[in-house]
Amino acid sequence: MALTLTLAKSTAQKTDKKSKNACQVILMDEQGTALAPLSDELSADVAAFSDASQFKGKLAKSALRYATAEQSAMLLVGIGERHKLNGNALQKIAKVIYSQLADLTKNATLWLGGILQAEQFGQLTLALMNQGYCFEKYKSKASDKPTLSHIVIHATNAQDDLQAVLDFNNAINQGQSLARDLANEPPNVCYPAYLAEQAQVLAAMYPDLLTVKVVGEKDMEKLGMNCFLAVSRGSEREGQLVVMEYNGQAAKSGKKAKKTNLTNPIAILGKGITFDTGGISLKPSAGMGEMKFDMGGAAAVLGMVKALCEARLPLQVVGAMACAENMPSGRATRPGDIVTAMNGKTVEILNTDAEGRLVLCDSLVYLQRYQPKVMLDMATLTGAMVVALGSVRTGVFSNDEDVIFDLEQASDSAYDRIWHMPLDEDYQEQLNSNMADMQNIGGMPAGSITAACFLSRFVDDIPWAHMDIAGTAWQTGKEPSGTGRPVPLLMHYLQRQALAAK
Ligand code: BES
Ligand code: MN
Ligand code: ZN
């Protein structure tokens, strides 16, 4: 069950009857000051409880009081020093609030006062919404589901601003949750045609905004997308390039999406390898199951499209998913095979496990038919990216400083962090082949960069950025799960583009 957040109807400090049964959540700094103006009654209650529990307000520490017949439950949450409150702290705070309350109560009331800027309010509320995510579709017995389902927020900032932030976050959360669901689906369910079907489902939900085209293997043969086909041919499942045309401008002008062609849209592509065995260059078996997350880029694109439809941003966006299954078989590509990409360039495939770049390169060429004003791609592309940046930041490679600037701004406001990686000409040499125009691997050094270099060879003179989300699209450890990143980053980026176009 999702967690809903609403703003309190009035900024009044008094709590009504219903919210009296809710757990009162109060943020406190290291001075022991409650951050919100509270009613005298609540204020005295907070003071008594924080004294009794010797609560110090240290960041992400908390004190919990259970409800009694006379008193409501209360949770004090420390924010540390006020001037140090940043995105990282807000995520910790969201985690503490959720973990303390998940099984305790259905309703909570969160007192923020005016401490958070609108942007920080956005980061805290999105983090809370994300905490409420769970994936239990395949559990035959329902587990003890968290009961927390609704938080009413009291904040003293301009209410219109906060409501707009909350609405936008609701759109993001719907998209991000969808992306997480898709990534979590097992690979026997989520294969290329399944992702195509999910795109069709969205198009049926938002017929005024969205149309879907599926480029199948027959079409790819005609188009000469032989790099893509070199990956999908080893599998029984058909490879598909799923193209979603979002026309938020047509919706605004009252025209049907179907009738209008996109002009210079923003093109966004995701790697959709629904399972990556490595192909003939087979991966080791330990941990191979995690390679169901190799469609995290495609999941983020579909999630972003969902969020776009919910937010109805006045933009033209083409979102595409390069979907295939990388399998070994008698039909699979052999290391050493040479194929010709859609743009005529020849590629010597020396490692069939470097398959992401192969489905992406032809898809990038295909998308340039739209004459996009900017093109982004996201891919769980290299293990080397995980080595370099771990699960904290997404590595971004680009041929354009302005795109980097815009993405960094979006990254800051969404708190969906990125890091600018290099793309110097010098690295290109590692892709030289003595047989063809290039080979698909660049050796051990700078593996993420040479992968990005490979993609760059398929992008003509347009602003483009590649995001390697191998470390950030899913979390490892005890609870492996899709994270839905970088849906928040993309949505903040697109929101900025919509504002700039006004
Ligand atoms: N999907 C993997 C990259 C990956 C590895 C993502 C680990 C997340 C965690 C990709 O297709 C791959 O196999 N890349 C190879 C490239 C190499 C053969 C040049 C890699 O990183 O080892
Ligand atoms: Mn691979
Ligand atoms: Zn892969």
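# Chat about a predicted model

Guide: Gln 54 sits in the loop between helix 2 (40–52) and strand 3 (62–65). Keep in mind that this is a predicted model.

Visitor: OK. Is Gln 54 buried or exposed?

Guide: Gln 54 has a relative accessible area of 59%, so it counts as exposed. The cut-off for exposed is over 50%.

Visitor: What about the phi of Gln 54?

Guide: Gln 54 is not a glycine, yet its phi is positive, about 50°. Most residues other than glycine have a negative phi.

Visitor: And which loop holds Tyr 415?

Guide: Tyr 415 is in the loop between helix 13 (401–414) and strand 15. Tyr 415 also has a positive phi, about 55°, although it is not a glycine. With a relative accessible area of 15%, Tyr 415 is buried.

Visitor: Let's switch to the metals. What coordinates the zinc ion (ligand 3)?

Guide: The zinc ion (ligand 3) is held by Lys 271 (NZ), Asp 276 (OD), Asp 294 (OD) and Glu 355 (OE), at 2.0 to 2.4 Å. Along the sequence, these donor residues are spaced K-x4-D-x17-D-x60-E.

Visitor: Where are Asp 276 and Asp 294?

Guide: Asp 276 is in strand 9 (residues 266–276), while Asp 294 is in the loop between strand 9 and helix 10; the two are 18 residues apart. Both of them are buried.

Visitor: What geometry does the site of the zinc ion (ligand 3) have?

Guide: Octahedral, with angles of 78 to 174° among the six donor atoms of the zinc ion (ligand 3). For six octahedral donors, the ideal angles are 90 or 180 degrees.

Visitor: And which residues coordinate the manganese ion (ligand 2)?

Guide: Asp 276 (OD), Asp 353 (O), Asp 353 (OD) and Glu 355 (OE) coordinate the manganese ion (ligand 2), at 2.1 to 2.2 Å. The spacing of these donors along the chain is D-x76-D-x1-E.

Visitor: Why is the arrangement around the manganese ion (ligand 2) irregular?

Guide: The six donor atoms around the manganese ion (ligand 2) subtend angles of 70 to 167°, and this makes the arrangement irregular.

Visitor: How far apart are the manganese ion (ligand 2) and the zinc ion (ligand 3)?

Guide: The two ions are 3.2 Å apart, and Asp 276 coordinates both.

Visitor: New topic: at what angle do helix 6 and helix 10 pack?

Guide: Helix 6 (residues 192–205) and helix 10 (residues 296–311) pack at about 5°, and their axes are 11 Å apart. The two helices are therefore roughly parallel to each other.

Visitor: Which residues meet there?

Guide: From helix 6 come Leu 195, Gln 198, Ala 199, Leu 202 and Met 205; from helix 10, Ala 298, Leu 302, Val 305 and Lys 306. By class, the contact has seven nonpolar, one polar and one charged residues.

Visitor: What does Val 365 touch?

Guide: Apart from neighbours within four places in sequence, Val 365 is in contact with Met 342, Asn 343 and Phe 458. Val 365 lies in helix 11 (residues 356–367) and is buried, with a relative accessible area of 13%.

Visitor: Last one: is the peptide bond from Arg 485 to Pro 486 cis or trans?

Guide: Cis, with omega near 0°. Pro 486 is in the loop between strand 19 (481–482) and helix 15 (487–501). Most peptide bonds are trans.

Note on methods: Residues are numbered from 1 along each chain as its sequence is written. Chains are lettered from A and ligands numbered from 1 in the order in which they are written. This is a predicted model: local features need pLDDT of at least 70, side-chain atom pairs count only at pLDDT 80 or more; totals for chains, interfaces and linings use all residues. Side-chain values use heavy atoms; hydrogens and water are left out. Axes are lines fitted to C-alpha atoms, for helices over the stretch in contact, and angles run from 0 to 180 degrees between N-to-C directions. Helices (H or I, at least four residues) and strands (E, at least two) are DSSP runs, numbered from the N terminus. Angles under 35 degrees count as roughly parallel, over 145 as roughly antiparallel, 65 to 115 as roughly perpendicular and the rest as oblique. Contact means heavy atoms within 4.5 Å. Ala, Val, Leu, Ile, Met, Phe, Trp, Tyr, Cys and Pro count as nonpolar, Asp, Glu, Lys and Arg as charged, and the others, Gly among them, as polar. Donors are N, O and S atoms within 2.8 Å of the metal (3.2 Å for Na, K and Ca); water is not among the atoms, so sites may look incomplete. Four donors count as tetrahedral if all angles lie between 85 and 135 degrees; four count as square planar and six as octahedral if opposite donors are over 155 degrees apart and all others between 65 and 115; anything else is irregular. Buried means under 20% relative accessible area, exposed over 50%, partly exposed in between (1.4 Å probe, protein chains only).
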